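Let's walk through this one together, going from the overall fold to the strands and then to the charged side chains. Have a look at the model before reading on.

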Amino acid sequence: MTALLTSLLTVTLLLDPPTETPVAPVATTVKTVASSAKQEVTSARITSRTSDFDMKAGVVMFEGDVCVRYSEDFVMCADKLYIFLAGTNELSRVVAVGAVSITNENRVGTCAMATYRRQRGEIEMFGDGKKSLASLSDGRGGARSLEGLRIRFWLGSEQAEVEKPRITADGNGGAKLL
């Protein structure tokens, strides 16, 4: 069953820490529950112009000026966002497509497409393969940055893998890139 969402919707997910005429923005609050013993609950607020939920397929699609806010410090924006659910509404992965930007208190990332895989705790950022690369920089105006066709990093880690890397580092102790 597919339904066009045009008002505030709350979707509960289990998680470890288009229309022809424009419609009013959709605001969705996603509550996430960590699988730890504490069962800590956090929320993400997703806004978009339209939203479509296919319960049978377990896919939620957001389109048009999509913005996900996990906190004041973590924001992801894109043209489209797909949330893939498994089992009993457990978050499997998130795919952001088109003019993707990911920011937190320390870093800024931009790319054509990004994928978050919950079980692996990883984010992959992809360039469009033609004119733009995936880019990840520190929050200091890009004094230290890396670019590549694909950047993969793990949440809670300083490790990143970059395909066809281009690295920029300032002259002031730039050994620690990001």
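A salt bridge here is a side-chain nitrogen of Lys or Arg within 4 Å of a carboxyl oxygen of Asp or Glu. Keep that in mind, as we'll come back to it. What you're looking at is a predicted model, so take everything below as computed from it.

Start with the big picture. The protein chain has 15 strands and 0 helices. Of its 178 residues, 38% count as buried. The chain exposes about 10,200 Å², and carbon and sulfur atoms supply 52% of that.

Now for the inside. In soluble globular proteins, nonpolar side chains tend to be buried together. Here the largest nonpolar core has 26 residues, and L81, I83 and M125 are the ones with the most contacts inside it. The strands β4, β6, β7, β8, β9, β10, β11 and β13 each supply at least two residues of this core.

M125 makes a handy landmark. Leaving aside neighbours within four places in sequence, its contacts include I102, M113, A134, L149, I151 and F153. It sits in β10, which spans residues 122-126. That strand is largely enclosed by the rest of the structure, because 4 of its 5 residues are buried.

Who flanks β10? On one side of the pairing list is β9, which runs antiparallel to β10 and is joined to it by 5 bridges. Within that pairing, T115 stands opposite E124. The hairpin of β9 and β10 has 4 residues between the strands, and G121 there takes a positive phi near 65 degrees. The other partner to look at is β13, which pairs with β10 in the antiparallel sense over 5 bridges. In that case F126 stands opposite R150.

Next, follow β9 (residues 107-117) to β11, its antiparallel partner over 4 bridges. V108 has S137 as its bridge partner in β11. β11 also pairs with β12 (residues 145-148), again antiparallel and over 4 bridges, and S135 stands opposite E147 there. How covered is β11 (residues 134-138)? Mostly: 5 of its 5 residues are buried. Both faces are covered, with A134, L136 and D138 buried on one side and S135 and S137 on the other.

Back to the charges. Side chains of opposite charge can pair when their charged atoms come close. The structure holds 12 salt bridges. One of them joins R152 and E122, at 3.7 Å from N to O. This pair links distant parts of the chain, with R152 in β13 and E122 in β10, 30 residues apart. Both R152 and E122 are buried. They also belong to a network of salt bridges that links R117, R120, E122, E124, R150, R152, E161 and E163.

D65 forms a salt bridge with R49, and their closest N and O atoms are 2.8 Å apart. D65 lies in β6 (residues 59-69) and R49 in the loop between β4 and β5, 16 residues apart. R49 counts as partly exposed, because its relative accessibility is 42%. Then there is E63 with K80, whose side chains meet in a salt bridge at 3.6 Å, N to O. E63 lies in β6 and K80 in β7, so the pair ties together parts that are 17 residues apart in sequence. K80 is partly exposed too, with a relative accessible area of 30%.

Definitions and conventions:
Residues numbered from 1 in each chain as written. Predicted model: local features only at pLDDT ≥ 70, side-chain atom pairs only at ≥ 80, totals over all residues. Heavy atoms only, no water. Buried < 20%, exposed > 50% of the residue type's maximum accessible area, 1.4 Å probe, protein only. Areas by Shrake-Rupley, 256 points an atom, 1.4 Å probe, with all protein chains shown as cover. Pairing = 2+ DSSP bridges. Core = buried A, V, L, I, M, F, W, Y, C linked by side-chain atoms within 4.5 Å. Contact = heavy atoms within 4.5 Å.
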